[in-house]
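Student: I would like to go through this model by question and answer. Please start once it is on display.

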Amino acid sequence: MSDAIANTAQKAVTTAVQRCIVPACAATFGIREQIYVCPRCGGPLQIEIPLELLQSVPDLRERWHARASSHDARERSGVWRFRELLPFDGDAPVVTLCEGNTPLYDAPRCAQYAGLTVLRLKHQGCNPTASFKDTGMTTAVTQAKLLGARTVVCASTGNTAASLAAYAARAELQCAILLPQGQISPAKLAQSMDYGAVVCEIAGNFDDCMRLISELGDVPFIYIANSINPFRMEGQKTVAFELLEQCGWRVPDHVVVPGGNMGNSSALGKGFDEMLRLGLIDRLPKISVIQAEGSAPLAHLFAGLKPSQFGPEAALPDELAPVANPRTLASAIKIGAPVSWKKALRAVLRTRGNIITVSEPEIADAKAIIGRDGIGCEPASATTVAGIRKLVAAGKIYAGESVIAVLTGHVLKDPDYVSHYHRGTLSFESVTEQGTTKSVPIGGAFRNAPEKVAATKEAILKSLESRR
Ligand code: F0G
């Protein structure tokens, strides 16, 4: 990069600010202030990079693409190769595990299942700790280093914890994770133990853990890495850039993501918005968020919006009614009070997307169909394909449109679920009209249980013949 161009890019990142997203406040703060919400009004913060400075930098897309083939981890990382749009200067102590650069797969069986001509899956489970969280943790933990934090903490349904634990280990920082006791997949818990985190199993649900995290926010040596942290969102937004690159900079009609704490949808919204404002694309994809039926506070709010509350410039509602006792077997998104709901709702409304729910059997069958395309994912990720199928059936996505589902976690994140599904022993707790709970079995349209076969060639051939 020539000196003049490098200086322009450097100036853009060093003049970045943290800004409150509440329009009536819009207060700004320096990027090295250790804050998570607006100190003035309590609103969510986001990083604002003066994009106008970057408009004079030529060939941004070519630069980003060229770095992907570098052997230098910092250059190659699917997050840091977009560094002109990250709020860090050239001397930042980058903590990376070579995250990002994940595949975009064509999924013909899923397309047919959903009623589409073509469906592509962006597999964020192919990250170093096997979930999308890594793209945000690289920037959050780099910021923790810059601030001189001693300990990084998060509340988690499992994946944020595993990711933070790994990046903290790389950065030689102490890591504490708060998990709802007994509600985490053992595979995710095992990762956090292996990466050396202090694992605190809390007697409560994820929302209780999140409340405790906000209480820890005023301890100076502690740095919070949940998605309220705007620096984490900066890493996660790069998924939008990478996805556009993989689409040859042709904007897809729809991008569909699962919704839990709502960081992912918020970050994608910011990423696409920055590309539009930089003039690298000429329209936005519709961003849709899919929630599990029993953990769907934002889908409920969305369903109750009045016509005047839709549209890109509509004022956001002030409150979200939380789900007191969230339920779903997709434990990653078992969340009743998502912290980033405002940013996510803003992204969906701006792009005229949708927020809907899917049932437990719908999630389970969609997950198995994704598997039949040779692409494993964890249950939360499969809400996307289940949701797309519903949106196609409802006429909100057309068969010939270009649609991308973001898979957020790897199939090995929750092997117990997969095994129970295929053996026909998966069931979920449903709430009856009387308010009691009952166990409902999931039949599983695509079950594939192992069978006992005699140790002979004939028996194996017979088994193959019977399954043709
Ligand atoms: N998919 C997976 C696999 C997740 O782990 C999560 C969130 C989501 C989807 C939802 O993303 O929160 O950005 O809306 N997992 C968090 C965690 C809550 O602690 O691992 P979101």
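**Sheet, cores and a helix pair**

Tutor: Ala-176 stands opposite Val-198 in E8. This is a predicted model, in which local features need pLDDT of at least 70 and side-chain atom pairs count only at pLDDT 80 or more, while totals for chains, interfaces and linings use all residues. Residues are numbered from 1 along each chain as its sequence is written, and side-chain values use heavy atoms, with hydrogens and water left out.

Student: How many bridges join strand E7 to E8?

Tutor: Strands (E, at least two residues) and helices (H or I, at least four) are DSSP runs numbered from the N terminus. Two strands pair if DSSP finds at least two bridges between them. E7 covers residues 174-180 and runs parallel to E8; the number of bridges joining them is 5.

Student: Which strands stand at the edges of the open sheet?

Tutor: The sheet has 4 strands in the order E8-E7-E6-E9, with parallel pairing. An edge strand has a single partner strand, so one side of it is left without a neighbour in the sheet; the strands in question are E8 (198-202) and E9 (222-224).

Student: Which residues touch the most other members of the largest nonpolar core?

Tutor: A nonpolar core is a set of buried Ala, Val, Leu, Ile, Met, Phe, Trp, Tyr and Cys residues joined through side-chain atoms within 4.5 Å. Buried means under 20% relative accessible area, with a 1.4 Å probe and protein chains only. The largest core has 91 residues, and those touching the most other members are Leu-268, Met-275, Leu-298 and Leu-345.

Student: Which helix gives the most to this core?

Tutor: The helix in question spans residues 159-171 and contributes 7 residues. That helix is H7.

Student: Is Asn-264 buried or exposed?

Tutor: Asn-264 lies in helix H12 (residues 263-277). With contact taken as heavy atoms within 4.5 Å, Asn-264 touches Phe-132, Gln-236, Val-257, Val-406 and Thr-408, not counting residues up to four places away in sequence. Its relative accessibility is 9%, so Asn-264 counts as buried.

Student: At what angle do helices H15 and H17 pack?

Tutor: Axes are lines fitted to C-alpha atoms, for helices over the stretch in contact, and angles run from 0 to 180 degrees between N-to-C directions. The axes of H15 (residues 360-372) and H17 (residues 415-423) are 11 Å apart. Angles of 65 to 115 degrees count as roughly perpendicular, and H15 and H17 are therefore roughly perpendicular to each other. Their packing angle is about 95 degrees.

Key: Angles under 35 degrees count as roughly parallel, over 145 as roughly antiparallel, 65 to 115 as roughly perpendicular and the rest as oblique. Buried means under 20% relative accessible area, exposed over 50%, partly exposed in between (1.4 Å probe, protein chains only).
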